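Here's a quick tour of a protein model, from the overall fold down to a group of rings. Have a look at it first.

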Amino acid sequence: MPDVVADGLRVLFCGINPGLMTAATGHHFARPGNRFWPALHRSGFTPRLLAPSEQRELLSYGLGITNVVARATARADELSAEEYREGGRLLALKVARLRPRRLAVVGVTAYRAAFDDRKAVVGPQARTIGDTRVWVLPNPSGLNAHWTPAALAEEFGRLREAAEEG
């Protein structure tokens, strides 16, 4: 699954790993019912709702997408602890190379596993990677019933406001 990245992004969003629909289409967060694209729009990151097939437009807004783990699975719980740890190591190298202002890991469980931070919660993290500040967002999967679309957009909006402040 190719990343959508460039040097010096405002925010690099990082999914857990590609789902099967994403792997089949080549578009991040492609599964119908995933709330990433609506949350991105409703929070003000994009001026209109983008379709997954328009993912490269994110670069024009200073945004990008990558994943913690490259292997596609039907469910994130199919990933091993070692895959998460190795994914976190590779992600840190990618962030150090690309130098985004913010890294937003989409899914607190993935962040905890990738960076061995069992106490992490949604929101800004104390961790930085070089000068990149780290933020954890809720998983936008439609299976994550704990977060309503409005609450998800509000949390994405908190990140957007922080990213605008510098």
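In what order do the elements of the protein run from the N terminus on? This is a predicted model, and its elements go β-α-α-β-α-β-α-β-β-α. That makes five helices and five strands.

Now for the overall build. The radius of gyration is 14 Å, which agrees with the value near 15 Å that a compact globule of 166 residues would have. Along the principal axes, the C-alpha atoms fill a box of roughly 40 × 35 × 30 Å. Of the 166 residues, 47% count as buried. Take the contacts between residues at least 6 apart in sequence: 69% of them join residues at least 24 apart. The accessible surface comes to about 8100 Å², with 53% belonging to carbon and sulfur atoms. As for charge, there are 22 positive and 17 negative side chains, and the centres of the two sets lie 1 Å apart.

| Pair | Geometry | Centre to centre | Angle between planes |
|---|---|---|---|
| Phe13 and Phe45 | edge-to-face | 5.4 Å | 85 degrees |
| Phe13 and Phe156 | stacked | 6.0 Å | 15 degrees |

Phe13 sits in strand E1 and Phe156 in helix H5 (residues 149-165), so their pair ties together parts 143 residues apart in sequence. Phe45 is in the loop between helix H2 (36-42) and strand E2 (63-67), so its pair with Phe13 bridges parts 32 residues apart in sequence. Phe13 and Phe156 are both buried; Phe13 has a relative accessible area of 0%. Phe45, at 4%, counts as buried too. Ring pairs link Phe13, Phe29, Phe36, Trp37, Phe45 and Phe156 into a cluster.

Conventions. Residues numbered from 1 in each chain as written. Predicted model: local features only at pLDDT ≥ 70, side-chain atom pairs only at ≥ 80, totals over all residues. Heavy atoms only, no water. Helix = DSSP H or I, 4+ residues; strand = E, 2+ residues; numbered from the N terminus. Rg over C-alpha atoms; globule rule 2.2 N^0.38 Å. Buried < 20%, exposed > 50% of the residue type's maximum accessible area, 1.4 Å probe, protein only. Contact = heavy atoms within 4.5 Å. Areas by Shrake-Rupley, 256 points an atom, 1.4 Å probe, with all protein chains shown as cover. Lys, Arg positive; Asp, Glu negative; His and termini not counted. Charge placed at Lys NZ, Arg CZ, Asp CG, Glu CD. Phe/Tyr/Trp six-rings, centres within 6.5 Å; stacked < 30°, edge-to-face > 60°.
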